[in-house]
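Please open the model in your viewer and keep the sequence panel beside it, as this tour moves from one selection to the next.

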Amino acid sequence: MGLDVNSIRSEFPILNRKLPNGKKLVYFDNAATSQKPQCVIDAMSRYYEEYNSNAHRANHTLADEATSALENARRTISSYFGTSPEQLIYTSGATEAINLVAFSWARENLSKGDVIVLTEMEHHADIVPWQQLSKDMGVEIRYVPINIENYFLDMAAFEIAVKDASLVCVVHTSNVLGIRNPVEEIIQMSHDSGAKVLIDCAQGAPHEQINFDDSECDFIAISAHKMAGPTGIGCLLVRKDAMEEMGPFMTGGSMIKSVTTKGSTFQEGHAMFETGTPRIAEAIGWGAAVEWLSQYDMEEVHSHIQEIASWTAEKMKNIEGITIYGDPKKSNSSGAVSFLHATIQSQDLALLLDEGGFAVRTGHHCAQPLMDALGVPSTNRISFWIYNTMDEAKSFVEHLEYVVKRFS
Ligand SMILES: Cc1ncc(COP(=O)(O)O)c(C=O)c1O
């Protein structure tokens, strides 16, 4: 049937926005954060207008309503990700989810000399917590390289690196290259070696239906704001046996069973890791986003995005001086197109594109080891989502052609 993109666009008020220079916004920075449909904005406003209260505390009507909404959202979100509410720990996003694994699982279960396998294409969120752990505990980190010819992970190197590893942490889909890693194979090979696996699905979840239980993965990290949800919330999905091996992360209110001046005892399950006042409005907003997204077939969403991305990348290749990093033609590529111009600096190019109304990302994309592997300090990146259109892509290519002709 195809997506009715015009109807989808009408649900996103921001897409009608005009920039200060009068240009219509063309939002191509979706890998950084997606826009939010009206129903998500409304769900969060309704909470503040009608039943704002703390959750899991008082017995009054508003408190009951807030608690029910928080826990209903957990049911909706966990079910969307193919698992049960008990396996979902609310976090501030993928970054906190990965830090939670580093603090609560790795510190409890690893010791000096144990091996953690990462890849060169990880986001800093999946590098720095492990480097800190290595400094504190002496664990060894191995980085699997990418094949610079085709930008894919070097699976022969992965096979060697994983042999005596205790933990493997791999990005589902690169935020720079748009490359989707063979996560099914990675999970299988890691488990065959006796290692636990964490998959960073910050970029994967907006493009693909993630089914946690079927994946047999031990940990999955997700951010809501890249999939129509609000900022400030995400989750860590954790298998039951792995959760039982985890110690407390942040401590304080909500996560305790009892506290005396002598010491404290802790809640079990996800409650142990959700300390302090929960992210109530954000959870409600994410629940609404997931309900909204559930009406679409993610395979259809993905092919819509991928069609625009591969068309745009092919056109861009014909523009003098443009180099593309990644393989947007690959059917499972996410729609992130990283590129550079030979003589126009990436920051300048971003400003020239912004003058045309095009919001694009520039920089190292929190992936400096990948930038080093590519031999560049930064790239420009366009990234598409469900509401982008081929017309927007065409106007982008025209504007880029104009900018390159005029300024190179
Ligand atoms: C692949 C990847 N991992 C992790 C993150 C961190 O997500 P957040 O900043 O929402 O915690 C990002 C954000 O861009 C990302 O693209």
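Which residues are buried in α3? This is a predicted model, in which local features need pLDDT of at least 70 and side-chain atom pairs count only at pLDDT 80 or more, while totals for chains, interfaces and linings use all residues. Residues are numbered from 1 along each chain as its sequence is written.

Select helix α3, residues 61–80 (helices are DSSP runs of H or I, at least four residues, and strands are runs of E, at least two, numbered from the N terminus). Its buried residues are Ala66, Ala69, Leu70, Ala73, Arg74, Ile77, Ser78 and Tyr80, where buried means that 20 or more other C-beta atoms, placed from the backbone, lie within 10 Å of the residue's own, exposed means 12 or fewer, and partly exposed lies in between. They cover an arc of only 160 degrees around the axis, which puts them on the same side of α3 (the arc is that of the directions from the helix axis to the C-beta atoms). The face turned away from that side carries the exposed residues Thr61 and Ser68.

Next, select strand β12, residues 336–341, which is largely enclosed by the rest of the structure because 6 of its 6 residues are buried. Ala336, Ser338 and Leu340 point one way from β12, whereas Val337, Phe339 and His341 point the other way.

Strand β11, residues 322–325, pairs with β12 in the antiparallel sense over 4 bridges, and tyrosine 325 has serine 338 as its bridge partner. Strand β15, residues 379–383, also pairs with β12 in the antiparallel sense over 4 bridges, with asparagine 380 as the bridge partner of phenylalanine 339.

Methods
Pairing = 2+ DSSP bridges. Expected span 1.5 Å × (residues − 1).
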